[in-house]
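Trainee: I would like a close look at one part of this model, the pockets and what lines them. Please take it in one connected answer.

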Amino acid sequence: MSNASTLEVRILVLAPRGRDAFLITTTLSNDGMSAVTCPDDEALVVRLQEGAAAAIVAEEALTQDGLKSIAECLAGQPPWSDIPIVVLTSSGRASLASIRRAKELEALGNVTFVERPARPDTVRSSMRAALRARMRQYQMRHRQETLARVNTDLERFAYSASHDLQEPIRNVAIYSEILSMRYGNLLDETGLEFLGNVRTSAIRMQSLVQDLLAYTQAASISDDVPEPTDTMAAYKSALSNLAQSIPADASITSDPLPPVRIRAVHLQQMFQNLIGNAIKYRSERPLRIRVSANLKDEVWTFAVEDNGIGIDPQYSELIFGIFKRLHSQQQYPGTGIGLAICQRIAERYRGRIWVESKPGSGSRFLFTVPA
Ligand code: ADP
């Protein structure tokens with residue numbers, strides 16, 4: 001069992017007929033299981049919320065209101081949880097009402113029916129199975145919690161490492177520059193070359209660390225849904241930030257872009273990374289970039305399309321990984337973080353990002369945003 005509290009291993013029993021309740025609790029207790037009797041279905045709901053491994057319920061003990069509260073309680077379970085419920089069905093001929101209740105219960109989720117009169121053995125084995133299933137859910141929760149903790153620690157580490165590394169790296173870049181200006185004449189050719197290497201590496205490290213910082217900051221976006229952002233304005237500021245690198249032959253056009261619920265700074269970052277890449281990975285042809293937006297099923301899909309060098313489809317997922325690049329620094333400079341940042345932003349806003357492309361035929365990057 002992993003990290004389950006005493007409350008979480010108990011089995012709740014709802015069986016109004018004294019004999020049934022007694023039989024069940026004794027059967028379970030004799031088998032080492034912790035059984036707690038609930039006087040009515042409202043008490044069952046309260047205890048379910050406090051924590052339980054499973055519940056065993058006599059069908060006739062469920063009122064219509066109680067069923068509703070149980071349904072709400074089950075619907076509000078966290079993703080890892082699917083609490084097992086064993087229902088003792090009516091003995092003899094089932095009434096219409098009890099058939100309907102049974103159907104409603106079945107729709108609630110992890111429900112097993114046991115026909116009465118139930119033998120103690122049957123009750124015992126069905127509760128053991130329910131308990132085993134619940135323990136696996138607790139293990140899953142434990143794994144998820146551990147993963148989330150490790151993830152947060154990693155985020156924190158990446159953030160402070162990239163933040164704290166900025167200053168020393170800047171100093172290496174500055175002092176290597178000063179060294180070459182003031183004392184360059186004291187060095188021979190090899191010495192100057194070495195110094196040049198120090199500076200180039202420091203500058204590269206600077207951009208890696210800056211991008212890594214941007215990547216960790218993209219993760220700290222809060223979950224609340226922001227007010228609609230002026231997408232056209234975000235697109236225009238992305239273009240103005242890229243102005244220096246837009247070649248004279250470029251044609252960059254866009255459809256009217258709808259306001260969407262992504263913070264302006266993040267929308268701009270996405271456009272800047274995607275349009276920046278379209279410029280960087282251009283082909284010999286005059287550069288054409290088109291930005292568009294389409295609404296379908298309450299979801300906006302934005303596309304940034306270019307006529308550049310394209311991407312082999314076998315790499316269409318890999319390129320979104322952090323530090324993943326398809327070219328050397330000499331061919332195309334870069335850190336391999338831009339698309340990873342875009343993916344983080346898209347996913348944080350409950351969207352996704354992908355690419356459609358072929359080598360030599362340009363690329364189309366698409367991302368979705370809930371409308
Ligand atoms: P970087 O551009 O710094 O390498 P990115 O994460 O932005 O990092 O992109 C990852 C890789 O995806 C790039 O190295 C490049 O190989 C490929 N790529 C991205 N955008 C395009 C594009 N528009 N056309 C062709 N290849 C692209």
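Trainee: Which helices each supply at least two residues of the lining of the second largest pocket?

Mentor: The model is predicted. Helix H3 (41-50), helix H4 (64-75) and helix H6 (120-183) each supply at least two residues of that lining, and H6 gives the largest share, 3 residues. The second largest pocket has a volume of about 230 Å³. Its lining comprises 16 residues, and Leu48, Gln77, Pro78, Ser81 and Arg134 are the closest to its centre. By class, the lining divides into 8 nonpolar, 5 polar and 3 charged residues.

The largest pocket, for reference, has a volume of about 850 Å³. It is lined by 37 residues, with Asn273, Asn277, Lys280, Tyr281 and Gly338 closest to the centre. Here the elements that each supply at least two lining residues are helix H7 (189-219), H9, H10 and E10; H9 gives the most, with 10 residues. This lining has 16 nonpolar, 15 polar and 6 charged residues.

The ligand sits in the largest pocket. It is surrounded by 21 residues, and Asn277, Tyr281, Asp306, Arg325 and Leu339 are the closest. H9 also gives the most to this shell, with 3 residues. Taken alone the ligand exposes 530 Å², of which the protein buries 98%.

Technical notes:
Residues are numbered from 1 along each chain as its sequence is written. This is a predicted model: local features need pLDDT of at least 70, side-chain atom pairs count only at pLDDT 80 or more; totals for chains, interfaces and linings use all residues. Side-chain values use heavy atoms; hydrogens and water are left out. A residue is near a molecule or strand if one of its heavy atoms lies within 4 Å of it. Accessible areas come from the Shrake-Rupley method with a 1.4 Å probe; for residues, only the protein chains shown count as cover. On a 1 Å grid over the protein atoms alone, a cavity is a set of points where a 1.4 Å probe fits but cannot get out, and a pocket is an open set with protein on both sides within 12 Å along at least five of seven lines; lining residues have an atom within 4 Å of a point. A molecule sits in a cavity or pocket if more than half of its atoms lie within 2 Å of its grid points. Helices (H or I, at least four residues) and strands (E, at least two) are DSSP runs, numbered from the N terminus. Grid points are joined across faces, edges and corners, and a volume is the space filled by probe spheres set on the points. Ala, Val, Leu, Ile, Met, Phe, Trp, Tyr, Cys and Pro count as nonpolar, Asp, Glu, Lys and Arg as charged, and the others, Gly among them, as polar.
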